[in-house]
Each structure stands twice: as structure tokens, then as C-alpha cells.
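Here is a briefing on the fold shown below. It takes the sheets in turn, then the helices, then selected residues.

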Amino acid sequence: MVGLFWIAEGDVYVGAKPSGLAPGVRLSPEGVVALGEGQSGLHPWKDVRGLTVTDVPVKTLRRRVGAVTDRAVTTALNFVEPGSGGADDAPALMTVRVETADGDQELAVHTAAAIGYSRAETDLSRALLTRLTEGAATVSGILAAMSGWGRTREGGSPRAAEREALLRKWLD
């Protein structure tokens, strides 16, 4: 995970990578791909005039404390009655708005950050989404860089400073 993006094996998603019928958005060289039940389709880059994300959970001390508390309660419940706690908790949803000449479409995506995103990563990610609407050369360069990083990355998400550095690099 880098900013609002989940990058796995060369694929770039906004929010978490969806599985099954879960909602999601993949950024492909061809365009913005809506995934999941009730929101399938392709918006070619040549038609995309704007790409924004709303409802982004911002990382705060209250969220961090809440996550630790939730984990402790889930652990206690599972100790008393295995399988009883936390299994049904779905991640928060964000909204990806795709603006085209034919109108706007709002697509749901799950957040990939359990306790929210930093303001810096959110701002850099939003700037990157805006850059993707500037033309084919910009799209191909940015997505190639993001995909290339994803294909060579092993393990989990990088630390915050590296994530911010990557977002800045992809913006240049």
C-alpha cells in the first residue's frame, strides 16, 4: 500500500484490492476499471476529465486508540469463544468519483488502511489522481512506474517516509 493505492503484482487499485464481489477500482493503461457487484465497466482515459476520492479516513490518535481497543476486545472474545469476534468487520468505504463528458459515476472502494491515511499521503494521492487525467503520456508514465514498483516489491507496505517519497517521485 502506498497512499490511497494498493499495488500488487503490477496492478494498481484505488483503496484495497477487491476480492470476490467486493467493490473496487483498478487503474489500467486503458482506463479506470470499476470492479465488483453493481459497478462494472471501463472508463477510457481519453474520456476521464476528473478523478477524485472522498470519504477518506484520516489517521488520528482517536483512530489508533480505537483500533488497539477493538483488537483487544476481539482477542478477548476469541479467547472465550473462538471465532466470535471481529470476523464480520468490513473495512470502511471510500468513494471514487470518475468525471466524464457523459456524466459522473461514483464507485465504492474499501479502504486499505485500518487506522486511516495520513494527510500527506492523502494529499499526494489526490494530486497523483489529478495528474492521471492530464493525458495519455502522463498516464502511461505514472502507471508504468507504479506497476514496476509493485512487481519488484516483496513484503508488506513500506514505512510512511518511503510511501510519501514514492508518491512524490510518481508525481514528478
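**Briefing**

Strand 4 (residues 31-35) and strand 5 run antiparallel and are joined by four bridges. This is a predicted model, where local features need pLDDT of at least 70, side-chain atom pairs count only at pLDDT 80 or more, and totals for chains, interfaces and linings use all residues. Residues are numbered from 1 along each chain as its sequence is written, and side-chain values use heavy atoms, with hydrogens and water left out.

**Overall layout**

- The protein has four helices and eight strands. Helices (H or I, at least four residues) and strands (E, at least two) are DSSP runs, numbered from the N terminus.
- Along the sequence the pattern reads β-β-β-β-β-β-α-β-β-α-α-α.
- Of the 172 residues, 40% count as buried. Buried means under 20% relative accessible area, exposed means over 50%, and partly exposed lies in between (1.4 Å probe, protein chains only).
- Take the contacts between residues at least 6 apart in sequence: 59% of them join residues at least 24 apart. Contact means heavy atoms within 4.5 Å.

- Five strands make an open sheet, ordered 1-2-3-4-5, with antiparallel pairing. Two strands pair if DSSP finds at least two bridges between them.
- Strand 1 (5-8) and strand 5 (41-44) are the edge strands; each has a single partner strand, so one side of each lacks a neighbour in the sheet.
- On average, neighbouring strands of this sheet are turned by 25° against each other, direction ignored. Axes are lines fitted to C-alpha atoms, for helices over the stretch in contact, and angles run from 0 to 180 degrees between N-to-C directions.
- Ala34 sits opposite Gly41 in strand 5.
- Four bridges pair strand 1 with strand 2 in the antiparallel sense. Phe5 faces Val14 of strand 2 as its opposite residue.
- The hairpin of strand 1 and strand 2 has two residues between the strands. Glu9 in this hairpin takes a positive phi near 50°.

- Three strands form an open sheet in the order 6-7-8, paired antiparallel.
- Its edges are strand 6 (48-54) and strand 8, each with a single partner strand, so one side of each has no neighbour in the sheet.
- From one strand to the next, the twist averages 20°.
- Strand 7 (residues 93-100) and strand 8 run antiparallel, joined by eight bridges. Met94 has Val109 in strand 8 as its bridge partner.

**Helix packing**

- Two packed helices are described by the angle between their axes and the distance between the axes.
- Helix 3 (residues 136-152) and helix 4 (residues 160-171) have axes that come within 10 Å and cross at roughly 150°.
- The two helices, helix 3 and helix 4, are therefore roughly antiparallel. Under 35 degrees counts as roughly parallel, over 145 as roughly antiparallel, 65 to 115 as roughly perpendicular, and the rest as oblique.
- From helix 3, Ile142, Ala145, Met146 and Trp149 meet Glu162, Leu166 and Trp170 of helix 4.
- By class, this contact of helix 3 with helix 4 has six nonpolar, no polar and one charged residues. Ala, Val, Leu, Ile, Met, Phe, Trp, Tyr, Cys and Pro count as nonpolar, Asp, Glu, Lys and Arg as charged, and the others, Gly among them, as polar.
- Helix 3 also lies across strand 1, strand 2 (11-14) and strand 3 (24-27), and runs at about 60° to strand 1.

- Ser118 is in the loop between strand 8 (103-110) and helix 2 (119-131). Its relative accessibility is 19%, so Ser118 counts as buried.
- The Ser118 side chain reaches the backbone nitrogen of Glu121 at 3.0 Å. Leaving aside neighbours within four places in sequence, Ser118 contacts Lys59 and Glu164.
- Ser125 belongs to helix 2. At 0% relative accessibility, Ser125 is buried.
- Not counting residues up to four places away in sequence, Ser125 touches Gly3, Leu4, Phe5 and Leu167. The C-alpha atoms of Ser125 and Val14 are separated by 9.4 Å, with the two residues 111 residues apart along the chain.
- Thr130 is also found in helix 2. With a relative accessible area of 42%, Thr130 is partly exposed.
- Thr130 and Thr52 are 78 residues apart along the chain, and their C-alpha atoms are separated by 7.3 Å.

Definitions and conventions:
A polar contact is a pair of N or O atoms within 3.5 Å; within protein, one must be able to donate a hydrogen and the other to accept it, and residues adjacent in sequence count only if both atoms are side-chain atoms.
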